[in-house]
Amino acid sequence: MNRIFGSKPSGPKPTLSGAITNIDTRIASIDTKLKALNGELSAYQEKLSKLREGPGKQAIKQRALKVLQRRKAYEAEKEKLEGQVWNMEQASSMQDNLKNVMTQVDAMKTTKKELQKQYGKIDIDKIEQLQDEMADLMDVGNEIQESLARSYDIPDEVDESELDAELEALGMEQELEMELGGTVPGFLQDEVVPEFVDEPPQTEDKMKEAAG
């Protein structure tokens, strides 16, 4: 059977990347040949510029034409190969994009399964109950804060006439102190001397008399 149909190839399957590499190698080889042909044409051009019309010049022209034909053939082959590389590169790009899409789809499927598994463990009713309990606790906390911030023995409102009278009385008290020559505030005028002070400090004259 193998003699009729041949044996199945045992080597690795061809890939786009491998095919592109092979064609690039062929294109590089053609570029080398084109470079050599361009060198020959330049040499013929230099010779033709120095020769007069005659059989010798015609013979060189014929050889130059053959080189030019070969160069055109190589250029045409190179253009075809570059077109093939372009097509294969586009196909490889599409293949890579498809792989990326499939990877994303697989990741989304896995994520969906994990989300379903996690959400299945959550009880919405318990969450609502927890929210209600937290709201009640917040209300209790606000009531406690308001209770602690309550003022003691301070009237809620102050009458403006009462304020004016108080300010006027304070002004009269300050004027009276100025007339009496006092500079000590009223709340310090009745200060009691501490008991541990035996006697008032002596003046400088009395200290001299005691020394004499």
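**Exercise 1.** Given a relative accessibility of 33%, state how D31 is classified.

*Solution.* Begin with the classes: buried means under 20% relative accessible area, exposed over 50%, and partly exposed in between, with a 1.4 Å probe and protein chains only. At 33%, D31 therefore counts as partly exposed.

Some conventions apply to every exercise here. This is a predicted model, in which local features need pLDDT of at least 70 and side-chain atom pairs count only at pLDDT 80 or more, while totals for chains, interfaces and linings use all residues. Residues are numbered from 1 along each chain as its sequence is written, and side-chain values use heavy atoms, with hydrogens and water left out.

**Exercise 2.** Describe the secondary structure of the protein chain, and check the span of α2 and of α3.

*Solution.* Step 1: helices (H or I, at least four residues) and strands (E, at least two) are DSSP runs, numbered from the N terminus. Step 2: the protein chain has 7 helices and 0 strands, in the order α-α-α-α-α-α-α along the sequence. Step 3: the expected span of a helix is 1.5 Å times one less than its number of residues. Step 4: α2 has 35 residues and should span 51 Å, and this agrees with the 51 Å between its end C-alpha atoms. Step 5: for α3, with 65 residues, the distance from first to last C-alpha is 95 Å, close to the expected 96 Å.

**Exercise 3.** Find the salt bridges in the structure, and say where the partners of each pair lie.

*Solution.* Step 1: side chains of opposite charge can pair when their charged atoms come close. Step 2: a salt bridge is counted when a side-chain nitrogen of Lys or Arg is within 4 Å of a carboxyl oxygen of Asp or Glu. Step 3: a search of the whole structure gives 3 salt bridges.

- D31 pairs with K78, at 2.6 Å from N to O. The two belong to distant parts of the chain, D31 to helix α2 and K78 to helix α3, 47 residues apart.
- R26 pairs with E77, with 3.6 Å between the closest N and O atoms. This pair also links distant parts of the chain: R26 is in helix α2 and E77 in helix α3, 51 residues apart. R26 is partly exposed at 45% relative accessible area, and E77 is partly exposed at 32%.
- E75 pairs with R71, at 3.6 Å from N to O. Both lie in helix α3, 4 residues apart, about one turn of the helix. E75 is partly exposed at 37%, and so is R71 at 23%.

**Exercise 4.** List the buried residues of α2 and α3, and identify what packs against those of α2.

*Solution.* Step 1: in α2, the buried residues are I20, I23, I27, I30, L34, L37, L41, Y44 and L48. Step 2: in α3, they are K57, I60, A64, V67, L81, V85, M88 and S92. Step 3: the buried residues of α2 pack against α3. In turn, α2 is among what covers the buried residues of α3. Step 4: over the whole protein chain of 212 residues, 8% are buried.

**Exercise 5.** Name the residues of the largest nonpolar core, and say which element gives the most to this core.

*Solution.* Step 1: a nonpolar core is a set of buried Ala, Val, Leu, Ile, Met, Phe, Trp, Tyr and Cys residues joined through side-chain atoms within 4.5 Å. Step 2: the largest one has 8 residues, namely I20, I23, I27, I30, L34, L81, V85 and M88. Step 3: α2 (16–50) and α3 (55–119) are the elements that give two or more residues to this core. α2 gives the most, with 5 residues. Step 4: another core lies apart from this one and has 7 residues, including L37, L41, Y44 and V67.

Step 5: look at I20, taking contact to mean heavy atoms within 4.5 Å. Leaving aside neighbours within four places in sequence, I20 is in contact with V85, M88 and E89.

**Exercise 6.** Locate I124 and decide whether I124 is buried or exposed.

*Solution.* Step 1: I124 is in helix α4. Step 2: I124 has 53% relative accessibility and so counts as exposed.
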